[in-house]
Structures are given as structure tokens and as C-alpha cells.
Amino acid sequence: MQWKSLGVQGARVFTPTVFPDERGLFVAPFQRDPYAGAVGLPPFPLAQTAHSRSRRGVIRGVHYTAAPPGMATYVYCARGRALDMVVDVRVGSPTFGRWDSVMLDAEEFRAVYLPLGVGHAFTALEDDTVMSYLLSGGYSAEDEKAVSVFDPALRLPVAPSPPPLLSPRDRSAPTLAEAREAGMLPDYATCLELETELCSTVPGPTSGPAR
């Protein structure tokens with residue numbers, strides 16, 4: 001598995017090896033040792049897995065979790081194709097207000113790691129695009145926050161065609177500046193401390209599945 005840093009402090013993209021044969025393919029989008037080497041921490045304790053299915057033109061985000069408690073995320077595309085966007089909403093971060101994007105699909109199975117407190121959005125480029133998530137925490141409505149994907153200061157690569165489909169919450173989300181003024185954004189130093197505490201227990205070795 002290969003990896004590289006993204007333009008948001010602490011965020012990483014991973015590219016696993018895909019093993020195709022006459023039956024189909026096998027791939028391991030998450031691998032503990034490459035993850036730990038890239039991130040500099042053991043994998044966060046897994047609290048929940050989730051997936052979303054989206055039609056072409058759907059935009060989800062920019063979502064983040066209040067910190068505390070915060071949430072670290074590892075996401076890949078299991079079906080279809082999506083433009084994934086990582087947005088630094090952590091006040092005090094050296095890359096605050098910056099973003100990076102990665103094309104995720106079900107051919108190369110790239111995966112993105114988002115440190116605790118970082119914002120996430122994607123736009124589905126095909127019908128029935130399925131995004132799979134590994135999460136360090138469970139869903140809590142009062143802790144789930146959003147900033148506008150249309151924030152003109154962010155200038156995220158949101159295509160105007162087809163007309164984007166968003167949830168009412170995402171469509172009415174505040175800009176990054178508005179969220180900061182309201183005290184809604186996570187603090188960078190707090191996020192680092194929370195994730196270090198979260199990952200303080202190193203899991204033991206496991207054997208991989210049969211190909």
C-alpha cells in the first residue's frame with residue numbers, strides 16, 4: 001500500500017494494491033501497518049462502520065464533529081466514483097481554511113484518512129456511488145456540524161452540472177467565517193490531544209483474510 005500526505009495538516013491518502021483475477025478482484029482498502037507508519041499513531045479504536053449510497057450529483061458535507069468528542073474517519077469508495085474533499089476547519093491549524101481533493105472510485109480503491117476535527121465532503125459522480133466509512137465514534141446529532149460547501153472563501157470544486165442535490169441542513173450551513181464567529185469550530189490543539197488519547201492503546205496483530 002502506498003500513501004501520501006494531503007494539503008490539509010495530518011490528512012493522508014492511501015492507495016492499496018488491487019488483485020484482479022478471473023473471479024473478480026480482492027483489495028484491502030485499510031491496512032494497519034501502512035496506516036500507522038503514515039499517520040504516526042496506531043489506528044483509532046473502531047466504534048462504527050457506515051456507508052452512504054448517493055445518486056449522481058449528490059453532495060454531502062462539509063461535515064465535521066464537535067471536539068470534544070471529535071471523530072476520526074477513514075473513508076473509501078466501494079462502488080461508483082466520487083470527488084472527495086478534505087477541509088481544515090480546525091482553528092489554529094497551520095492549514096486552517098485550506099482543502100484538498102482526491103478522486104475515489106471502485107477501481108483503485110484509494111482511501112482517505114481525516115484526522116479528528118477535519119471537515120469532509122464529497123460529490124457523487126455516478127449513480128449508486130457507495131462510500132464506506134471507518135469511524136472512531138458513533139453518531140450524535142448534537143455533535144454533528146457542517147459548513148457550507150458553497151462558501152465562496154473556500155472555493156471548493158463543486159460542479160454546477162448536474163444541479164447538486166443536498167440535504168436541507170447542508171444547503172443552509174454557515175460559511176467557515178460564520179461558524180468561527182459563532183464559536184462552532186474545533187480547536188486544533190484540542191483535536192491533537194483528543195486523537196492521541198483515543199489512539200493510546202495499540203491493537204495486537206491480526207491475520208489477514210484469504211484471497
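I counted seven aromatic pairs, taking rings of Phe, Tyr and Trp (its six-membered ring) as paired if their centres lie within 6.5 Å. The model is predicted, so I note that local features need pLDDT of at least 70 and side-chain atom pairs pLDDT 80 or more, while totals for chains, interfaces and linings use all residues. Residues are numbered from 1 along each chain as its sequence is written, and side-chain values use heavy atoms, with hydrogens and water left out.

**Entry 1: one ring pair**

I looked up Phe14 and Tyr74, whose rings form a tilted pair, 5.7 Å centre to centre with 45 degrees between the planes. Planes under 30 degrees apart count as stacked, over 60 as edge-to-face and the rest as tilted. Phe14 lies in strand β2 (residues 12-15) and Tyr74 in strand β7 (residues 73-79), 60 residues apart, and the pair thus links distant parts of the chain. Helices (H or I, at least four residues) and strands (E, at least two) are DSSP runs, numbered from the N terminus.

Is Phe14 buried or exposed? Phe14 is buried, with a relative accessible area of 0%, and Tyr74 is also buried, at 1%. Buried means under 20% relative accessible area, exposed over 50% and partly exposed in between (1.4 Å probe, protein chains only). I then found that ring pairs join Phe14, Phe30, Tyr35, Phe44, Tyr74 and Tyr113 into a cluster.

**Entry 2: helix α1**

I turned to helix α1 (residues 32-39), in which Tyr35, Ala38 and Val39 are buried. Seen down the axis, the buried residues of α1 fall within an arc of 85 degrees, so they line one face of the helix; the arc is that of the directions from the helix axis to the C-beta atoms. Asp33 and Gly37 are exposed on the other side of α1. The buried residues of α1 pack against β1 (2-5), β2, β7 and β10 (111-114), with contact meaning heavy atoms within 4.5 Å. Just after α1, Gly40 has a positive phi of about 85 degrees.

**Entry 3: nonpolar cores**

A nonpolar core is a set of buried Ala, Val, Leu, Ile, Met, Phe, Trp, Tyr and Cys residues joined through side-chain atoms within 4.5 Å. Which residues of the largest core touch the most other members? Among its 19 residues, they are Leu6, Val86, Val112 and Met131. Strand β12 (129-135) is one of the elements giving two or more residues to this core, and β12 gives the largest share, three residues. I noted another core apart from it, of 15 residues, including Ile59, Leu154, Leu176 and Leu185.
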